[in-house]
There are 2 protein chains.
Amino acid sequence: MDHIIIGGVAGGMSAATRLRRLDEDARITVIERSGHVSFANCGLPYHVGGVIEDRESLLLQTPASLGRRFGLDVRVGTEAVRIDRERRVVVVRELATGAVSELPYDQVLLSPGARPVRPPIPGIERALSLRDIEDTDALVTASAPARTAVIIGGGFIGLELAENLTRRGIAVTVVEAADQVMAPLDPEMVAPVQDHLRANGVALRLGASVTAIGPDSVTLSSGEQLEADLVVAAVGVRPDTRLAEDAGLETGRLGGILVDSRFRTSDPRILAVGDAVEKRDALDGEQVLVPLANTANRQGRMAADVMAGLSAHDRPVLGTAIVGIFGLRVATTGWNEKRLVAAGRPHRVVHTHPSSHATYYPGAEEMSLKLLVDRDTDAILGAQGVGREGVDKRIDVIATAIAGGITASALADLELAYAPQFGSAKDPVNLLGYVAGNLRTGVTRSLQWHELDDALAAGAVLVDVRTAEEHAAGAIPGALLVPVDELRQRLDEIPPGPVVVHCEVGQRGHTAAQVLTHAGREARNLDGGYRTWHAGTSARKLVPVG
Amino acid sequence: MDHIIIGGVAGGMSAATRLRRLDEDARITVIERSGHVSFANCGLPYHVGGVIEDRESLLLQTPASLGRRFGLDVRVGTEAVRIDRERRVVVVRELATGAVSELPYDQVLLSPGARPVRPPIPGIERALSLRDIEDTDALVTASAPARTAVIIGGGFIGLELAENLTRRGIAVTVVEAADQVMAPLDPEMVAPVQDHLRANGVALRLGASVTAIGPDSVTLSSGEQLEADLVVAAVGVRPDTRLAEDAGLETGRLGGILVDSRFRTSDPRILAVGDAVEKRDALDGEQVLVPLANTANRQGRMAADVMAGLSAHDRPVLGTAIVGIFGLRVATTGWNEKRLVAAGRPHRVVHTHPSSHATYYPGAEEMSLKLLVDRDTDAILGAQGVGREGVDKRIDVIATAIAGGITASALADLELAYAPQFGSAKDPVNLLGYVAGNLRTGVTRSLQWHELDDALAAGAVLVDVRTAEEHAAGAIPGALLVPVDELRQRLDEIPPGPVVVHCEVGQRGHTAAQVLTHAGREARNLDGGYRTWHAGTSARKLVPVG
């Protein structure tokens, strides 16, 4: 059997090595346009910043090492020009010599990845992008003399580069067309991330676009001119479908290659995986683009199983992701609230601000978690986490719970490893389950930060049940202060009508809401407390520039 | 309604506060024999070691604060003497005054916890134990002048105390009757833990017991005499059932209070939770004792739901646990191999030694994972992890997968948050799934470290496929060195007969086994490689003292 794998990074290389372990006799050829295969894609920004000092450590394998270990014929600097499906050959060209040849195939796997989008801005030629080792080298070279940089795009790669260029002493501005960075997060979750970026010296221009790139500056839609020795375009990626389209393979309306659950394109001899293909969403089964390395790796390995004749079926994707931003860990899984609202899907929301581990053990750090729950079925629809230690753990546990069909309320029952250095006897994930269960069974009612204005306008009384000191340090306008520990004695001070209570993070508010409810009052607890309200309203109050 | 809760720590206090939030009108009285409620049970060893410097931070709540916040009548220093079920009163005695009184009840919740076992050794009066704040104070006082300590028992608390007394400059010896510390771990997983304890100055006496405790030494079964300014008994705990038994409530054959899935004892007006009750095992449904804080907390909260008339049912327990040992994280969930073997349950075993995060990103640390899988159903039966960063995360993910009914092979499909600082594109949990899947589908065959001797005796050839340098640094006796990258060319050097291949951690061995299998050889890969074999055989070779 002749197998040709086009694209030698995450998906392609996972497929090639797996295929060899399943079939010692096959001829397996890997075609890679860039000069390197199997490089550490997700490490590239950190080489730019010098965190990964040694460039060689990005090169996990070489054509020679792959030849020795796996008997692979790996051809770098080689472009797949065309797939001739009739004659079953892939036409390839060596970039250095221009030599063209034909490789016969029984099966082809397309793993070409995605290309950085290059926005049609005058002067865009000067903007660098980050996709491969060559791009990385160019960025390292260009950043050495640079004092200022503008990064167009506030997504994962844009922010990783913002951190790493800052590390090099460069003054970085991120220009983002949306009114927040990191689209996968909801606004109240992203607010502390944006604060943290600014605190670390990164300037943000939100709701702004670049209209022109000059030789040493960029011009924004607002007219503002930003100095920019270096310009990086990181506005997203687009499936690399040239080869597939030229070969007449079907693509979807999102612009990715269409494959079935066994990764077969419209030509069953040609499979495709990774950032180039459209995937099926785990929540609604719709087509989605999820350009993530872990998904590409998994798909590559499964496609090899298919190519070798084993049983293998892809699963719909949740899109669990994480990014480190100046020490902050920001992770998400599933859908966010924006998307649920847009889809009109009835949902419940839970915000918490737990500690990474027992507060009495030194080093505990606060995190913020958000859980999104199906209002009808109690299914977990998504989660977001922002903090430091342990954020990745909680999002991974929730992603696993979603995969296992564990309901939001049942998170309360998970038995997670507890010692005071590592968690709490009631882990943050269990706490999310407690709150979700209370909402589901009607034990308590909550109000979201963005619903407060309407509730107050409709005549609700807002009661701050924190201490006088906390209230003095920052309060929601119009809130009446009645500390929770005095509430039972001071019930008659609360004016008639529905009541919204709040504390700092939501826990005392829960107790207060219960006291009020049992006293015959209609009471709701402000979800996530002052902390979430403050984050949400400060995000909303941001005056977009441009 | 009059609710009396006996025991004011994990389970009892979770119940009391939850009950108040569900029922503002109930009279809730908490009876606690010691001088403190709601103290940080799991933090006690770390106060002894000075990690948690401030004693006050162990006291999460006081009777006064609980009175103010939750309207609880909390009575510390008060013993529940007797439950008179006929007259529905609990007889209590104030320890300071001896004053006896009767408290009427509608419902009682027993959460008395477990008592440290005091082995019947001459001189045991001198041994301290660790259960409450008073014990902690005593240990702090006694350890101040001590230069040497003997800890009887190498379980979680024994080892936490070993670390914390070492921190105080005390020379610690742990005496353990079994031939390993930490019974929940299998021997090859515990070997590095024991090495680490010794490297940190803790002496171990395994397979040894204390026969006598003198005024400044202890005598072991071997005759050895150990200096011991301080002696601690940490040989385990036993459900505190005195009150329950006196009241004629049913107890089980393991010595715990028997309750149904709604925590009701044989008297439906009396509920019980926590370390004092027998639980149902998640794997076989049998009764078990699982004295863990997270379980006690969860049960307490659910028992409050039952007492308040809500729907709530306990779940069987997995017993997920973790302990920190001089920076090492040691975590387990579900059953271990010893228990599966003893129960005759057909299983598969997977050992891996992955990195905590991508190796090309600085700071990656190796961990060891073990997965136990049902041979018939592919269900996950248990897991163990030893390492540093990220061990807790992987065990939590696996515990969640078990709860969600995710099979071992399906761990491969979990979408976990990946960036190079936090994981790998193929996460260690995914890798366990890959190996489990390969074993299940017969793509590969493996051999366990303890099966090697028999295989060799039966005529198998052992091939080390590592590099010559690795081989020279430590090899399995009799292994033939053929590096994996040369294997295809040197197949004819391998003598006839079945082959066992091994590398350092199992990954290259897998590739080598595939090469050999395709060449028509009967080949098995030594699971976990040299690393697991070395750990397992070094554990086995330990000469028990005593």
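The model is predicted, and local features need pLDDT of at least 70, side-chain atom pairs count only at pLDDT 80 or more, and totals for chains, interfaces and linings use all residues. Residues are numbered from 1 along each chain as its sequence is written, chains are lettered from A in the order in which they are written, and side-chain values use heavy atoms, with hydrogens and water left out.

The domain assignment divides chain A into domain 1 (2-113 + 238-307), domain 2 (124-235), domain 3 (327-441) and domain 4 (446-538); such bounds come from an automatic or database domain assignment. Taken over C-alpha atoms, the centres of domain 1 and domain 4 of chain A are separated by 55 Å.

Side chains of opposite charge can pair when their charged atoms come close. Over all chains, the whole structure contains 86 salt bridges, a salt bridge being a side-chain nitrogen of Lys or Arg within 4 Å of a carboxyl oxygen of Asp or Glu. One of these joins A:Glu224 to A:Arg205, with an N to O distance of 2.8 Å. A:Glu224 is found in the loop between strand 13 (217-220) and strand 14 (225-227) of chain A, whereas A:Arg205 belongs to strand 11 (residues 203-206), so the contact ties together parts that are 19 residues apart in sequence. Helices (H or I, at least four residues) and strands (E, at least two) are DSSP runs, numbered from the N terminus. A:Glu224 is partly exposed at 24% relative accessibility, while A:Arg205 is buried at 19%; buried means under 20% relative accessible area, exposed over 50%, and partly exposed in between, with a 1.4 Å probe and protein chains only.

A salt bridge of 3.1 Å, N to O, links A:Asp246 and A:Arg242. These two residues are four residues apart in helix 7 (residues 242-246) of chain A, a separation of about one helical turn. A:Asp246 is exposed, with a relative accessible area of 54%, and A:Arg242 is partly exposed at 30%. A network of salt bridges links A:Arg33, A:Glu79, A:Arg93, A:Arg115, A:Arg131 and A:Asp240.

A:Asp464 and A:Arg466 also form a salt bridge, at 2.8 Å from N to O. Both partners are buried, A:Asp464 at 0% relative accessibility and A:Arg466 at 1%. The charged end of A:Arg466 additionally sits over the ring of A:Tyr530, 4.6 Å from the ring centre; this assignment requires NZ of Lys or CZ of Arg within 6 Å of the ring centre and within 35 degrees of the ring normal. In chain B, B:Arg466 lies over the face of B:Tyr530, likewise at 4.6 Å from the ring centre.

Four aromatic pairs are found over all chains. Rings of Phe, Tyr and Trp (its six-membered ring) pair if their centres lie within 6.5 Å, and planes under 30 degrees apart count as stacked, over 60 as edge-to-face and the rest as tilted. The rings of A:Tyr46 and B:Tyr361 have centres 5.2 Å apart and planes at 80°, so this pair is edge-to-face. The contact crosses between chains, from helix 2 (residues 44-48) of chain A to the loop between strand 22 (347-352) and strand 23 (368-374) of chain B. A:Tyr46 is buried at 0% relative accessibility, and B:Tyr361 is buried at 11%. A tilted pair is formed by A:Tyr530 and A:Trp533, with 5.8 Å centre to centre and 35° between the planes. Both residues lie in helix 15 (residues 529-541) of chain A, three residues apart. A:Tyr530 is buried at 13%, as is A:Trp533 at 9%.
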